[in-house]
Amino acid sequence: MENRVFNFSAGPATLPEEVLLEVQKDLLNYKGMGLSVMEMSHRSKEYVAIFDDAVARVKKIMGLGDDYEVLFLSGGATTQFLMTALNFCPEDKVANYILSGNWAMQAYKEAKKIGKKTHVAATTEENNYSNVPKEFKLSENPAFLHITTNNTLFGTQIQDLPEIPKDVPLFADMSSDIMCKPMDFSKFSLIYAGAQKNIGPAGVTLVVIKKDILDRLQPNLPTMMSYETHIKKESMHNTPPTFPIYIVGLVMKWIEEKGGLAAIEKMNIEKANYIYDAIDNSNGYYKGTANKEDRSLMNITYRLPNEDLEAKFISEAKAKKLVTLKGHRSVGGIRASIYNAMPMAGAKALADFMKEFQKNNPA
Ligand SMILES: *Cc1c(COP(=O)(O)O)cnc(C)c1O
């Protein structure tokens, strides 16, 4: 659509135009029902069909069998920092964390805050998280190992999953790279992701739990903090975020129409290559902040020769409809988030703009 920008926001982020158009088409009168999805009872048969369809599509795309529970909760990924530790770390065990960025750190801190025994299995904080830890060491009696697969602020992404003993559950915060490529999701006992980066709007969080760890759930937790509640009530103990869940379902359908995760990955690599090539072929004018082998497909972080040029870059990019490129303050510079829904044309336009800007603004 002509007056839409290319939005490189880290989140809430760009959504597929096809999805927005479908939402628009059905907004006032969903499939002839004479009302919008927002106005439906979450108990109505029509809404339950929308909900079940979203769950089924998530399972299909991720290749999950009936040995997994799929939940749509509210409270964001941030609430999952708390819930994972609260539900799955008994008093005699230790919650293990790989600290690969700010979000991982927040998950770790939350477990500490509620009095859990914790252990840092690895950290790259000393490098300002410009790389992902390659080695780690579990504590005695680990309750689980928690990782963050993509570090949204720092532009790094895990390439190889940690190998851990079978009886230690692997938990992952995949908020900023879930469904960006095929993955062996069966390696994970618990996965969570705030929808607003790669799979929908803000307000809903996808949580996937392998049933074989449910016997480890801690009893007697506050109702809303307990996975048991949400599993038993199929995410409808209270009113779920009905409209965001509906949109997640449409995004799932869009992924299927694009050819599934293998096709999505191919596009994501091509998009990332445009921008990383513009960095690598700039004779040092653009400097990537992430260690090359840990580079993210989703968030591309880089600096210009100085902060004045960075400010000019951001403002001139905006005039060309390339928006929200300012980096997070902990890294500075530029961050281009190119989630699944960023069109190829957006990545290409940014790469072209980078070359032109460099030519017009020598260091
Ligand atoms: C954005 C983000 C979060 C925070 O998500 P909320 O839904 O805002 O709580 C957590 N982890 C990662 C990796 C993120 O990118």
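**Note on salt bridges, domains and a surface patch**

1. Lys348 has a relative accessible area of 37%, so this lysine is partly exposed (buried is under 20%, exposed over 50%, partly exposed in between, with a 1.4 Å probe and protein chains only). Asp352, at 36% relative accessibility, is partly exposed as well. Both residues belong to helix 9 (residues 344–360), where they stand 4 residues apart, about one turn of the helix. Helices are DSSP runs of H or I with at least four residues, numbered from the N terminus.

2. The model is predicted: local features need pLDDT of at least 70 and side-chain atom pairs count only at pLDDT 80 or more, while totals for chains, interfaces and linings use all residues. Residues are numbered from 1 along each chain as its sequence is written, and side-chain values use heavy atoms, with hydrogens and water left out.

3. Lys348 and Asp352 are also partners in a salt bridge, with 3.4 Å between the closest N and O atoms. The term requires a side-chain nitrogen of Lys or Arg within 4 Å of a carboxyl oxygen of Asp or Glu. How many salt bridges does a search of the whole structure find? The search gives 19.

4. Glu316 is partly exposed, at 30% relative accessibility, and Lys312 is partly exposed at 36%.

5. In helix 5 (residues 227–232), Glu228 and Lys232 are likewise 4 residues apart, about one turn of the helix. Their side chains meet in a salt bridge with an N to O distance of 3.4 Å. Are the two residues exposed or partly exposed? Glu228 is partly exposed, at 35% relative accessibility, whereas Lys232 is exposed, with 64%.

6. The side chains of Asp294 and Lys134 also form a salt bridge, at 2.8 Å from N to O.

7. The chain is assigned domain 1 (18–257) and domain 2 (260–360); these bounds come from an automatic or database assignment. The C-alpha centres of the two domains lie 27 Å apart. On the domain 1 side 27 residues are in contact with 25 residues of domain 2, where contact means heavy atoms within 4.5 Å. The count of salt bridges between domain 1 and domain 2 is 2.

8. How much area do domain 1 and domain 2 bury between them? The value is about 2100 Å², and 54% of this area is on carbon and sulfur atoms. Leu153, Gly155 and Cys180 supply 22% of the area that domain 1 buries against domain 2, more than any other three residues. Buried area is the accessible area (1.4 Å probe) lost by two parts on being put together, summed over both.

9. Leu27, Leu28 and Met38 make up a nonpolar patch on the surface, and their accessible area together is about 310 Å². Patch residues have over 30% relative accessible area and no salt bridge; like charges are joined within 9 Å, and nonpolar side chains (Val, Leu, Ile, Met, Phe, Trp, Tyr) within 5 Å. Areas come from the Shrake-Rupley method with a 1.4 Å probe; for residues, only the protein chains shown count as cover. Leu28 sits in the loop between helix 1 (17–26) and helix 2 (45–62). With 70% relative accessibility, Leu28 counts as exposed.

Key:
Helices (H or I, at least four residues) and strands (E, at least two) are DSSP runs, numbered from the N terminus.
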